[in-house]
Every structure is written in C-alpha cells, then in structure tokens.
Amino acid sequence: MRVGRRPARRTSRLLAVTLAAAVLTACGSDGYEPDGPFRPLPEGAPPEVGPPSSSAPVPGEPAQPGAGEEGGDPNVVASGLSVPTGLVLLPDGSAIVGERDTGRLVQVFPDRSPARELMTVPGIDTAGDGGLLGLALSPTYVEDGLLYAYVSTATDNRVVRFPLGGTPNPVLTGIPRGERHNGGGLVFGLEGNLFVGTGDVGDPALAADPNSLAGKVLQIDVFGRPVGAGPVHSLGHRDVTALCQSVVPDPEEPTATLYATDDAAEGPDALDRVTEGADYGTVAPLVEVPAEEGGLGGCAAAGSAIFLGALDGQRVHAFTLDGTGAVVGEPEEFLGGEYGRLRTVVIDAEGALWITTSNRDGIGTPAEDDDRVLRILPPSAAGNSPL
C-alpha cells in the first residue's frame, strides 16, 4: 500500500455537523428507548415492521470485532437486508439505512431491536452499479425533517430530497449515468453546503472536463444551486463512492478536512484529501490501496483516524494521521474476511463504527442472514486516537 505525501490539517471529532438530526417518533415503551428531542414526522409517520420486542437487548457498549455470544453475533445490529449502501446516524443512537437495489429506507438500532421499514424511494434504476447510492441528513433536519439521497434513474444520476413518507423532489439532476462508476458520495460541510461525489461512468475524459458533472466532487447548496463560480469543487476523479470529513472544533471558527474514496476499475484505489480546484487526474492521492485489497465503498474520519470499507478486500482499512496530516505508522486492517464485502463505514458519537455488508450485490457470496449492518469498536491504533 502506497502512502501519498500531500499535507492535511490535524482533525478532531466528527460531531454534529454531519450527524445533526432529530429523531423518528418513539417506538414504544417496551423496546428501544431513544434519547433526544422529538417532533411529529412530516406527512405522517412511517409504517412499522416488526415492532420492538420487550425482550430486546439493553443498549450497551458496541461489540469488539470477532466477539461472539450465545443467541447471535453481538456485532450484528440488523440482518436480512438487500445491499445496504447509504447510512446516516440519528442522535438517539439509531441509524437510517438505504438499500441500493430496492430503494427501501430502514431504521436500525444499536441494541438489535427489530428494524422498522420507513419508506421506499421511487424511480430508482439499478442497472450496472446504479441504485440508491448515498444518504445525507439535512443540516436543519430538526426543523425540516428532510433527507437527501443520491440515486440512479434510467437516464441520469441525481440528488433528491424528501421528508420520510414524502415524495422525492429533485435537487441536482443531469449527472451522467452509466453501467459503472456512478459515484454516490454525499456529505454536508460546515457551512451547510452539500458535497456530492460522482463517477466518470467509465470515461476518464468526462472526469477531466470541467463542464461535465462526471468524475467530480460537486458543491451545491440545499436547493441544488452552485456554490461559488460553479458546482465543480474538484475534478479528475474516477468513482467517488464515499465522502467524509473530519472537523477540528473551535468555538470561533471550526475547520474541516474533506476526504473522498476513489474506486478505480483497474489499478489501485485511492483516498484523496479534497482541495477546491484540484485535478485528481494529476494530483497524487493521500493513500493508494491495491486493487485486491480495495473496492473502496465507505469512508469515516474522526480525530486522527480514517477508516475505509473495502468490497473486494473484504476488510476495513485504518490509517492514522499526524499533526501535519501525513499518514504515520503502518496501515492497519480488521474484519478481514469475517463478514464478506464491506461497504459503508460511519463513526458514531461513541467512537463505534457502523458498517454495512454488500454480499447480495451479485458479486459476493451471501450468508443466510446477509446483508447485515455491523456496529463495532475499532481495535486498531487508529481507532484509539482521540475523537
């Protein structure tokens, strides 16, 4: 694995900016008891599937990788899903997961209470590697209850937004659509603007073209309007499957560093530290991951740690950064081969990682209970970095 040498800022805990949200209505007094503010859902409450059981486990510490116990794997918080791809965390400790192939949104819980089906996002085309490819919560979710999704249609890739149970409205349309390299990364920045990761749809010339939306990291506001001179924040990417940022908290002016996973069809995959205006067809990546260890589909950053989910590599890669942003020490990995293909990686307020498997994507070999959502404490030195 080759490590690039581009500078980066020291980062700290990824806090409320990307995780800021309200919560769904409570599930009842017998099972999981969320914390935090509550308000009625817009346009009606979603249906429940398998109401929480009174015998649900008591919420506790996330499991260690490889841990086992009678009655089930404590690492697994949900199972029986279909290619869970997008995942966003709510401040009550639960998560909303999007299924790539069905467009379903499902709420899952850290104590393994039964999942709740929330809605299905309509109009999704799953040809090639398309589908529901990314999720983000509105930075003002407490007030507006909106979710953002990156989806493939029969004619384009696009960003839509909607309240739970509501109709998706287009935010950004016309992102090129192909059989492969459709992108899907979404994350809100500190100023409330949305970063969107797209793919080159197999045509590197589009990634190099500043007038194309393909192979880019875009920056738009919540209405889809370009930020600054245009929506293109960086160019020259192959397939930005995930975006993450690490925030340095400061009462006066917090700062954030943006990262992108770049999944290549051939050759090594990359982790880029995204700089406005940079062309990553020429800029060296922060890290390169060999193809057999890659298939990068997830990114989580906090403190001086970055975690990458690998589909082909069937593991999580962990990297530690020093105060200058350079990678220090040897890269680490965990969960190698234990759960198959690993995609989305998100870090919660307790420092635990939520990870989705992708064994029903037509490439993996699914187990009986796939696909699954895991929640674990990272065992690596990177995972022990201050959050």
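This is a predicted model: local features need pLDDT of at least 70, side-chain atom pairs count only at pLDDT 80 or more; totals for chains, interfaces and linings use all residues.
Val 316 stands opposite Phe 334 in E22.

E22 pairs with strand E21, which covers residues 315-321. The two run in the antiparallel sense, and five bridges link them. Both belong to an open sheet of four strands. Its order is E19-E20-E21-E22, and the pairing is antiparallel. Which strands stand at the edges? They are E19, residues 296-302, and E22, residues 327-334. Each has a single partner strand, so one side of each is left without a neighbour in the sheet. For E22, the partner is E21. For E19, the partner is E20. Neighbouring strands of this sheet are turned against each other by 20° on average, with direction ignored.

Now step back to the whole chain. The protein has 387 residues. Its secondary structure comprises three helices and 25 strands. How much of the protein is buried? Buried residues account for 57% of the residues. The accessible surface comes to about 14800 Å². Carbon and sulfur atoms hold 50% of that surface.

The loops hold some backbone details. Begin between strand E5 (104-108) and strand E6 (116-120), where Arg 112 is placed. Arg 112 is not a glycine, yet its phi is positive, at about 70°. Is Arg 112 buried or partly exposed? Its relative accessibility is 26%, so Arg 112 counts as partly exposed; buried would require a value under 20%.

Move on to Val 201. This residue sits in the loop between strand E12 (194-197) and helix H3 (204-208). Val 201 also has a positive phi, near 45°, in a residue other than glycine.

The last stop is a peptide bond. Which form does the bond from Asp 370 to Asp 371 take? The bond is cis, with omega near -5°. Asp 371 lies in the loop that runs between strand E24 (353-357) and strand E25 (373-376).

Return, finally, to the opening pair.

How values were computed: Residues are numbered from 1 along each chain as its sequence is written. Side-chain values use heavy atoms; hydrogens and water are left out. Buried means under 20% relative accessible area, exposed over 50%, partly exposed in between (1.4 Å probe, protein chains only). Accessible areas come from the Shrake-Rupley method with a 1.4 Å probe; for residues, only the protein chains shown count as cover. Two strands pair if DSSP finds at least two bridges between them. Axes are lines fitted to C-alpha atoms, for helices over the stretch in contact, and angles run from 0 to 180 degrees between N-to-C directions.
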